[in-house]
Amino acid sequence: MKKVLVLVFITTCAVMSYQGKILQQLSGKGIINLELAGKSTGAEIISLWNNTRYGDQTLLNVAEQNTHLDFLFILVYVLLIMTLSNAQMQREKTGWLNELLRLNLFLAFVIGSFDVVENIRLLHSFHHPANPAEFWQTDFIAWPKFIIAGWVLLVYLFSVIKPYLVKT
């Protein structure tokens, strides 16, 4: 299961990265810029993407495809965090660190939930590119999501490298 999750994770990362590079190269703005943007800046980014052609579509179409793919990515990274944290819990002998790894299971769900709400808000905004009043900003969701994800990653990495740092 873990190998399949890692393979799907890497594949979706590669595709989303490619799409992100298209957005970044042709407009100077990527998905993360939009996720962390305030109302006026976000509306400007969507307008820019809507008015910038990429082949027979617009950059807004690329951003929408990226956001749809992100739903799969969310499922995969939540399951991967839960799987890896649970496996590490089985090896972790330090009580407080084991509890933090257990907390990672819940936090993975929280991060994924934030990301789903964020994507729904982005898709709404994508469907109203000519109306800045209909831009639903996501920065108040994205910042906590990234902070919690950073915490989860730090706890996991600390637990993995701790045995190499503390020689008994």
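Visitor: Where do Phe-73 and Tyr-77 lie, and how many residues apart are they?
Guide: In this predicted model, both sit in helix H4, four residues apart, which is about one turn of the helix.

Visitor: What describes a pair of aromatic rings?
Guide: The distance of the centres and the angle of the planes. Here, the centres of the Phe-73 and Tyr-77 rings are 5.3 Å apart and the planes are at 65 degrees, so we call the pair edge-to-face. The cut-off for that label is over 60 degrees.

Visitor: Are Phe-73 and Tyr-77 buried or exposed?
Guide: Buried, both of them.

Visitor: Staying with H4, at what angle does it pack against H5?
Guide: About 170 degrees, with the axes 9 Å apart; H4 covers residues 59-91 and H5 residues 95-126. Angles over 145 degrees count as roughly antiparallel, so that is how H4 and H5 run relative to each other. Sorted by class, their contact has 18 nonpolar, nine polar and four charged residues.

Visitor: And Gln-65: buried, partly exposed or exposed?
Guide: Gln-65, another residue of helix H4, has a relative accessible area of 39%, so the label is partly exposed.

Visitor: Which residues does Gln-65 touch, leaving out those up to four places away in sequence?
Guide: Gln-19 and Gln-57. With Gln-57, there's a polar contact of 3.1 Å between the side chains. Gln-19 is 46 residues from Gln-65 in sequence, yet their C-alpha atoms are 8.5 Å apart in space.

Note on methods:
Residues numbered from 1 in each chain as written. Predicted model: local features only at pLDDT ≥ 70, side-chain atom pairs only at ≥ 80, totals over all residues. Heavy atoms only, no water. Axes fitted to C-alpha atoms, helices over the stretch in contact; angles between N-to-C directions. Helix = DSSP H or I, 4+ residues; strand = E, 2+ residues; numbered from the N terminus. Parallel < 35°, antiparallel > 145°, perpendicular 65-115°, else oblique. Nonpolar A, V, L, I, M, F, W, Y, C, P; charged D, E, K, R; others polar. Buried < 20%, exposed > 50% of the residue type's maximum accessible area, 1.4 Å probe, protein only. Contact = heavy atoms within 4.5 Å. Polar contact = N/O pair within 3.5 Å; in protein donor to acceptor, adjacent residues only side chain to side chain. Phe/Tyr/Trp six-rings, centres within 6.5 Å; stacked < 30°, edge-to-face > 60°.
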